[in-house]
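Subject: Handing over a structure

Hi,

Here is the structure I promised to pass on to you. Have a look at it first, and then read on for what turned up.

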Amino acid sequence: MRINFWLLDINYEVKNHEPEIWLWGIDDLGRRILIIDKGFKSYFYAALENRVDPKEVIREINRGAFGFISEIEVVERKLMGKPIKALQIYCDDPELIPKYAKDIERIRGVKACFEDDIRYSMRYLIDMGIVPCGWHEVEVEKYEGNERWKIQVDEVYLAKSTPVFIERQDIPNLRILGFSIICYSREGTPKPERNPVVIISTVTNKGEEKQFIADDSKDDKPVLKAFMDYVKSFDPDIIVGYGVNKQDWEYLRERCRKHGFTLSVDRAMSEPHTSVYGHVSITGRANIDLYDFSDEFPEVKMKTLENLADYLGIMKMQERILIEDVEFADHWDDKDKRENLKRFSMDNARCIMGVTEAILDFAIQLSSLVGLPLDHIGTAAVGFRVEWFLIKHAHKRGELVPKRVEKQYVPYAGAIVLKPKPGLHENIAVLDFTAMYPNLMIRYNISPDTYLSPDDPMPPSGAYTAPEVGHKFRKDPPGFYKEVLSYLINVRDRIRSEMKKYPPDSLEYRLLNARQKAIKVITNASYGYAGWIGARWYIKPVAEAVTAWGRQTILETIKIAKEEGVEVIYGDTDSIFIRYDPEKARRLELKIYERIGLEIKPDKIYKRIFFTEAKKRYAGLLPDGKLDIVGLEVIRGDWAPIAKRVQENVLEVILKENSPQKAAEHVRRIIEDLKNKRIPYRDLVIWKTLTKPIEEDAVKAAHVEAAKMLMEKGWKLALGDKVGYVVVVGPGKLYEKAKPYIFASYDEIDVEYYIRNQVIPAAIRVLEFFGITEEQLLGRTSLKEAPTPKRLTDFF
DNA sequence: GCCTGGTCTCTACCC
DNA sequence: ACGGGTAGAGACCAGGCG
């Protein structure tokens, strides 16, 4: 019988050296199914030396101890664009491949082995053209194996044909379960060997909310059991949480083990287990950790669930009762406060479902575009997402996947940033090259397989030579990157015009929008990938040539602007900020396109914009009255909120009302409030990331000292965690005055520090350009005696 | 012993 | 575990100062 199914999850098993692919999916009728495919044979390549008789090598292999090699074929492939003869060696047991490859590499006549490091399940997806989160058609028969009983699906099938991808955009009606846990600990970070899980809150996308709560004894055995039963009965396709890959799943698993049973929440009677890229795999379902997608929202500095939910408009901070980790135990022990804790936990689960709605479409599209299963796609770093996308395409064009080899890091020159003209400017437009680096790669055919090393002969069709660095790239045929990037850019353009046919709130629009976003992410990451030392296709001259052509492009652009009589105020990498004159700008765009062959387009237009003397820091007023603040303290996560707020207000008053006096008065008021301790405590907390193992720092730093204090009290901190501290009164260096904010009290606060090192620097950064002095902000000098602006005399 | 200026370290940003 | 370019705070250190 033939069925259609949407692929949710994939895993494989090897029994007695016989592999089975398990495809977990949802069919046309909405039934949850498992399709077992026993027909796929894995393989790897042995690239041969020139002038070697393949038969000789095959004979040698056959003489060796490679019992599970079933077939060897002589094939023509390419390696970095160069034709190569290779043996395609099929192996019954995929798990023996790495070992076989290592041994065969030692045989004379074999240059190197390739693709022995591709996992069996990925090999299957790529070779069969199967797409995670995509629809497929397959011939099947019912499977009657005796392990059938322990698999929680509506039907188990045996594949009688290769599944074939079908172009179909719809997504089945998925069951999604979100959950959030609260653990009880009085000794810092909860540890599963001693601290119970007192609350588990769940929400489904069908609107059902539940809580599993321990009684006063805090025994979590019934909590865990009830949660497991509930998961089984709801039978979700997708399970979501926040931070679950690194915390919750392991915690739950350990608690269950402690009670003498296994955490069973999957569709095949196995425990959740950590797998590739650190994702936790729950067989038959897609486990998604929303935290893995928090990087998609760079505006959110502190990647907490409540911040993300607030930013996305799911649940505003004001609507929430926020309870810190340190307070959990106190809240639990107090019967009245416990209600708040329950509410807090429930809200967490609701936020999780809200965030899921915001990112799931994107995750699904990214998964199907890249080819990594839905539960891997989030945990895979950007470089690996690009790489899997490339691997998929390499297979299509007969290009062998290079091995990952360790290379030496040698830095290279990047982009050009212009010095801004400081001060206020009116009516400034930003012209941006669209996808500059990807388009340069297309334009000059920059790619690992088109690169001509200095001793390569010049091909008949000629080569492009990069400015400054002199790297050469053959003009023909189109390179790997050019092909892939042209495809991505074309598809995205098509999708974006298709989107116009639908209303923005329609299902179709949402889907297409998520698709084009996924394409954009991969396209934009391609240059970074090319320059990444860990990339399989890393060739330094490729990345170096891209930036060299980028520099030439922007310099040429500035030259053309000058010729056209357009004043350039600033520019960074692929943009120029110009005094706006619609006609001149239009002419400029055309001329740039004619001369350079790349498209530049107006992006933002500022009614007014302010630059300091520093690069990468400015603030502009947009036509809709919104402020666009770039690089300044306002948008940095490592300044006290009070300083950020003051600076934001200063910028707003300056840009909207052009009144330095008024801005300064506000700063003075805030300083007064600080002195009188009228500023909320939370606005004084400074957050910084731990980027090195504690004790390894070359210099003492405030946040590291605060981290040490936290750890002494039992709080576990990992690399990449943010530490919140306040500065308290006392002698010595700053790092001697820093204290974790959860341990300090308001009366200890060093108000003077916040005035001198937070509020004033943030405010004066802007106000000094308008003749305001520190003395004036401190109230020592009257605001009326405004001296001439120090820095601007040169320009006005 | 203390101030000063220069350098280094660390973090977070821009594109 | 995607790139380089950049700002700014604070730690650290050498040299000058008598």
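The largest cavity in this predicted model has a volume of about 70 Å³. Here a cavity is a set of points, on a 1 Å grid over the protein atoms alone, where a 1.4 Å probe fits but cannot get out; lining residues have an atom within 4 Å of a point. Grid points are joined across faces, edges and corners, and a volume is the space filled by probe spheres set on the points. Its lining includes Val-386, Phe-389, Tyr-481, Leu-488 and Ile-522. Two or more lining residues come from each of α10 (382-396), α12 and α14 (526-530), and α12 has the largest share, with four. Helices (H or I, at least four residues) and strands (E, at least two) are DSSP runs, numbered from the N terminus. By class, this lining has nine nonpolar residues, one polar and no charged ones. Ala, Val, Leu, Ile, Met, Phe, Trp, Tyr, Cys and Pro count as nonpolar, Asp, Glu, Lys and Arg as charged, and the others, Gly among them, as polar.

A few words on conventions. Residues are numbered from 1 along each chain as its sequence is written, while chains are lettered from A and ligands numbered from 1 in the order in which they are written. The model is predicted, so local features need pLDDT of at least 70 and side-chain atom pairs count only at pLDDT 80 or more, while totals for chains, interfaces and linings use all residues; side-chain values use heavy atoms, with hydrogens and water left out.

Across the whole structure, the search finds two cavities of 30 Å³ or more. The second largest cavity has a volume of about 40 Å³, and among its lining residues are Asn-245, Asp-289, Phe-293 and Thr-379. β17 (286-289) gives the most to this lining, with three residues, and α9 (374-377) supplies at least two. The classes here are three nonpolar, four polar and three charged residues.

Next, a pocket, which is an open set of grid points with protein on both sides within 12 Å along at least five of seven lines. The second largest pocket has a volume of about 980 Å³. Its lining counts 36 residues, and Phe-433, Thr-434, Ala-435, Met-436 and Asn-524 lie nearest its centre. α12 gives the most to this lining too, with six residues. By class, 16 of the lining residues are nonpolar, eight polar and twelve charged.

Now to a helix pair. The axes of α4 (residues 221-234) and α5 (residues 244-259) come within 10 Å and cross at roughly 120 degrees. Axes are lines fitted to C-alpha atoms, for helices over the stretch in contact, and angles run from 0 to 180 degrees between N-to-C directions. Where do the two helices touch? Lys-221, Leu-224, Phe-227 and Met-228 in α4 meet Leu-252, Arg-255, Cys-256 and His-259 in α5, with contact meaning heavy atoms within 4.5 Å.

Finally, there is an open, antiparallel sheet of three strands in the order β27-β28-β29. Two strands pair if DSSP finds at least two bridges between them. β27 (686-689) and β29 (738-740) are the edge strands, each pairing on one side only. Three bridges join β28 (residues 722-727) to β29, and Val-727 stands opposite Ala-738 in β29. Helix α21 (residues 751-767) packs on the sheet, touching β27 and β28.

Enjoy exploring!
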